[in-house]
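Here is a short note for someone opening this model for the first time. Please read the points with the structure in view.

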Amino acid sequence: MKDMGKGKPFLEVLASAIHEDYRFPFLELFAFLYALGTFVLANFTVSVYSQATTNEAIAYTVTTSLISGSLIVFILLILKNVAYGLGSDLEKGIIQSYFSYPLRRRGILTAKLLSALGVSLLLFLGIQISALYILAPDIVLPQFGTVLLTYAANLSYPLLISAIMLLMTLILRRGGIALVVGIILYFAMSIISGIAFVVALATGSPLALQIVSVIAPSYALQYHYGGLSGVSEVFSVTWAPTLTETLLYTGASYVIVASLFVLGYIYFSRRLNL
Amino acid sequence: MKRWKTILGRGGTTLIVISLALLLVSIIPQLQISGVEGYVPLLPEQVQIAFDSQNLNPQQEVELAVTVEGTLKVYLLEISVEFQFVNGTFDYGFNLTDLQELLEEHPDQIIWKDQVENGNYERSYTPTRIMNATVVFYNPSSEIAYVEYDVTLKSGLAPGDKVRTIAYCAAPIGIILAIPWLLNSWKQRKHK
């Protein structure tokens, strides 16, 4: 009975958060972009010819080809929900009104994050995996583990950005700066990875790539499936992390993401004076 | 009750827009990558490779159109045949013995097999994984078969029929789910 008493306010806050984050027609617009982006920007021809040699590598390249187009839409949605949505809720006093509910602060933040990230993630993965199944069922089903690992590795960095944006929004109590930082961080990764690649080639050591892979394990996965093949012989850089190492990089990145979210929870529960 | 109506309604509108996106994807025309056409007399028991593609992927489609005078067996096989220099000429390293061996020992590599007698034949194939594909003609009769054929390899965003079918199924479900919520929203707006 006690749990039911707590469950209802949680659902009330969750419903209210979903209503705020996905006002008509935002959900529909993003669903349309996800579906269209997934098919229009996927290019199996290029990915298949480039590096795929094993069934796992084929599943990886096909999945990556599908992710690349829709990931920017996912980033846009979480930028809107976490930075702009939560920021304006703090500014307008909507979060303060939730405090009157018989619900702990962490419950309120969980409801907000479930709406901002959970629904976006559900929509993204739902459309992506359905599209993969429509296009290539005989690649996806036998290699479902590889497909899931590819998604986990590719989503780690966007989730890291959202955790940083959450912290910034809570500390600054507005979302404008967090939004700008989120956009910069998203584009910065491609620059940082480019620099790490050049450093690795110049020094002959994969250390820079390994450091980048801790926060963006999609690079470790890329190198696991032969991202440096051809170049490695010329510049004597050899970095082909094993599957276990790739899993470790992915795990480490999620530990960082989880730590930042825990910091956000602690700040929201104990330090945020509203 | 009102909340459920909203949840189902928004789910419905989301399904509608996904269907619209899929319909849009299905009407984007395919691009022809390559094609082979020809007119050949096939001697009795003769085998002819009409088309060979390596790394055919799920965004590609093989389309075959054949007109036959005589009897012809058409196979689409999941094999890759080598083009090699044999007896002073370039030809595929695949003969009747290879075909018979494959049909008996590896029936799993037969994607389709059809027999055509004095008529037209059209068929297309979209793979569901990365694979090799070879179109083979075989004349099983004791008379010469005259074969006019056109094989094209096309590339698109997605298999149009499959995507269109999903869109046609999802859109009505979306409309049914969305109508109560849309009516309710319209009534509220009118009331205000």
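**Notes on the model**

1. Over all chains, the count comes to nine salt bridges. A salt bridge here is a side-chain nitrogen of Lys or Arg within 4 Å of a carboxyl oxygen of Asp or Glu. One of them joins Asp89(A) and Lys112(A), with the closest N and O atoms 2.4 Å apart. This pair links distant parts of the chain: Asp89(A) lies in helix H4 of chain A and Lys112(A) in helix H6 of chain A, 23 residues apart. Helices are DSSP runs (H or I, at least four residues), numbered from the N terminus.

2. A word on the basis. This is a predicted model, where local features need pLDDT of at least 70 and side-chain atom pairs count only at pLDDT 80 or more, while totals for chains, interfaces and linings use all residues. Residues are numbered from 1 along each chain as its sequence is written, chains are lettered from A and ligands numbered from 1 in the order in which they are written, and side-chain values use heavy atoms, with hydrogens and water left out.

3. How many residues of each chain are in contact between chain A and chain B? Chain A brings 28 residues and chain B brings 29 (contact: heavy atoms within 4.5 Å). The buried area is about 2,400 Å², and carbon and sulfur atoms give 68% of that area. Buried area is the accessible area (1.4 Å probe) that two parts lose on being put together, summed over both.

4. Three salt bridges are counted between chain A and chain B. Glu28(A) and Arg10(B) meet in a salt bridge through their side chains (2.9 Å, N to O). On the side of chain A that touches chain B, helices H1 (2–21), H2 (26–40), H3 (44–50), H6 (105–135) and H7 (137–140) each supply at least two residues. H2(A) gives the largest share, eight residues.

5. A nonpolar patch lies on the surface of chain A. Ile72(A), Leu76(A), Ile183(A) and Phe187(A) form it, with about 340 Å² of accessible area together. Patch residues have over 30% relative accessible area and no salt bridge, and nonpolar side chains (Val, Leu, Ile, Met, Phe, Trp, Tyr) are joined within 5 Å. Accessible areas come from the Shrake-Rupley method with a 1.4 Å probe; for residues, only the protein chains shown count as cover. Helices H4 (55–92) and H9 (176–203) of chain A each supply at least two of the patch residues.

6. Two backbone details deserve a look. A cis peptide bond joins Phe24(A) and Pro25(A), with omega about 5°. Pro25(A) sits in the loop between H1 and H2 of chain A. Arg173(A), a residue other than glycine, has a positive phi near 60°.

Terms used
Patch = residues over 30% accessible without salt bridge, like charges linked within 9 Å, V, L, I, M, F, W, Y side chains within 5 Å.
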